[in-house]
Amino acid sequence: MGTHNINFSEQFEFTGKVKTLSIVGIILGVAAIAYGFFAGDKVMHERTFANLLLMAYYFACVCMSGTFFLAVQYVAQAGWSASILRVPQAMAKTLPIAAVILIVVISAGLYSHNLYHHWHADGLTVEGSPNYDAIIAGKSVFLNVPFFLGRQVVFLGIYSIFSILFVKYSYNEDLAGGLNSYRKSFKNACIFLVIYGFTTPVFAFDTIMSLEAHWFSTMFGWYNFAAMWVSSLATIAVIIILLRRAGYMQWVNNSHLHNLGQFIFGFSIFWTYVWFAQFLLIYYANMPEETVYFYKRFEYYKFWFFLNLAMNFLAPVLLLMDRDNKRTDVKLLFVSIVVLLGHWVDYYQMIMPGTVEAHNGFGIIEIGTALGFVGLFTFTVLTALSKKPLIAKNHPLLQESLHHQL
Amino acid sequence: MSDIKYILGSFGDPDEMMHGIEKLQENNISIYDVYTPMPIHGIEAKLGIKRSRIDIAAFCFGITGTCCAFALIYFCAVIDWRVNIGGKPSFALPDFVPIMFELTVLFCAFGMVLTYYASTHLFPGRAPRVMDLRATDDRFVIAVDAKDNAEHTVIDGLLKDAGALEVKYNERKYVSYE
């Protein structure tokens, strides 16, 4: 389509069915969590906490990878994405909310001994106590409550500050034009990427890997990074395709979808690569303290274990290999949703064996919590999106994006 | 019947050349090919060129690599010389995966390079096929088959109208065979 009839002040209106459905989702989520806490026994409480952690982590990761997407585009001085940046910006703008929720869930789980009880219990690190655990005691320099919570707050705080900065610069650019905002975004993106690269593995070690504190894997950080990055890309694709179908963002053409499809395809393979690298080394070395991780997953979670690979590797590889599939919005939408569900399964089999072990389940609590957070995500991100025009009209590379062709 | 095989319109500007393509197409003159020193967006669609099938070739090369790697490892580790590694079964599929992956990439990359060379006649030892040497430098060249399109003066006029700096009448297809 031509670029002469683009409405540069087009704004998303967050009303009607979408708004109602997202609120219904939140209510269902709150109901499911309440059911888990009030109707269940101790195992049920733990299961509810594990689900809360799963979805809060997923929520925060998708939002902070939205910021990562922005930073990557600025550092690469990418032109193709200039006209779709408002979507990841809306996700970045939601990050502070997601960060607060994640920190609340982690603290509540930690202090109520529902989460992280493998390293946080009375006497675990006190020599001579009946609970004494030499391995945990050796790790307690790093894994102790103040330092652990401090790291969470600092990491999520830093990510949130950069998110707010990127969004602010882009809004300033809308008003003032010129290159100043872009230069500032570029500089901050460079700083952010270095910080993000070094801290996300530690963030993943803390939040997820420390659920099973005896076990460790240095690949785990990148494994989680791949998961959060690809799920964030899939989220961006879903939002853009649905907006386009609702009549917004008509300047987004098949080539933009093609790029997003390539990203999802490529990083799904990257995810598999990291997943497999972690698996193969543990399988090959066959050391009991490492194989315990996969032993548990094979013993109680065999179905989820293979479903994870099928949804996150086979589905994107087979369905997105073809060029036309990446360029067709229905197919890309379908694969993106499969990948998003797949990473729920991925996080599920990362978290559950370390918390509820053999008492896992898939029922009201799982589905309800997931629906609740999806509703919350939809509500917060679309609210953020509706505040400003859908196109950053003074982005210096905007014309390149509007004429993007592959 | 003249010996002229190809009429080449040589343009100094890509936009004028695109305009020339439109002019020729409007007059139902079939274009043999277009040669440019740089890639031009949208030219494939305009000329109606079919999409490259190199992706299919890539897939075939890749899957050949996967099968070769699997066959090689299976023969070595399972049939010919079983070695007990940490008590694992000889046929331990996860161990096979890295080599299968690497050979897939290797076969795919080499195969695509060879396919590309073969299909573009750039194979070492072959004379390159060039219709106008300046198309490799600073000119944008439209080639029209002179035998299929009889009205040479009309073609000449259309090309010059569109801004061609020079119109050549070649009696040989490729000027690079010396």
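## Where chain A meets chain B

In this predicted model, the contact between the two chains draws eight residues from chain A and seven residues from chain B. On the chain B side, the most comes from helix H4 (residues 93-120), which supplies three residues. Sorted by class, the side of chain B that touches chain A holds three polar, two nonpolar and two charged residues.

## Two helices crossing in chain B

Let's turn to a helix pair within chain B. Packed helices are described by the angle between their axes together with the distance between those axes. Here, helix H1 (residues 14-26) and helix H5 (residues 152-162) of chain B have axes that come within 8 Å and cross at roughly 145 degrees. The crossing of H1(B) and H5(B) is right-handed.

H1(B) brings Glu16(B), His19(B), Gly20(B), Lys23(B) and Leu24(B), while H5(B) brings Leu158(B), Leu159(B), Asp161(B) and Ala162(B). By class, this contact of H1(B) with H5(B) has four nonpolar, three charged and two polar residues.

## A closer look at Ala370(A)

Over in chain A, Ala370(A) sits in helix H13 (residues 364-386). Is Ala370(A) buried or exposed? Ala370(A) counts as buried because 21 C-beta neighbours lie inside 10 Å, and the cut-off for a buried residue is 20 or more.

Leaving aside residues up to four places away in sequence, Ala370(A) touches Met55(A) and Trp344(A).

Methods: Residues are numbered from 1 along each chain as its sequence is written. Chains are lettered from A and ligands numbered from 1 in the order in which they are written. This is a predicted model: local features need pLDDT of at least 70, side-chain atom pairs count only at pLDDT 80 or more; totals for chains, interfaces and linings use all residues. Helices (H or I, at least four residues) and strands (E, at least two) are DSSP runs, numbered from the N terminus. A residue is buried if 20 or more other C-beta atoms lie within 10 Å of its own, exposed if 12 or fewer, and partly exposed in between; C-beta atoms are placed from the backbone. Axes are lines fitted to C-alpha atoms, for helices over the stretch in contact, and angles run from 0 to 180 degrees between N-to-C directions. A crossing is left-handed if the near helix is turned anticlockwise from the far one by less than a right angle, and right-handed if clockwise. Ala, Val, Leu, Ile, Met, Phe, Trp, Tyr, Cys and Pro count as nonpolar, Asp, Glu, Lys and Arg as charged, and the others, Gly among them, as polar.
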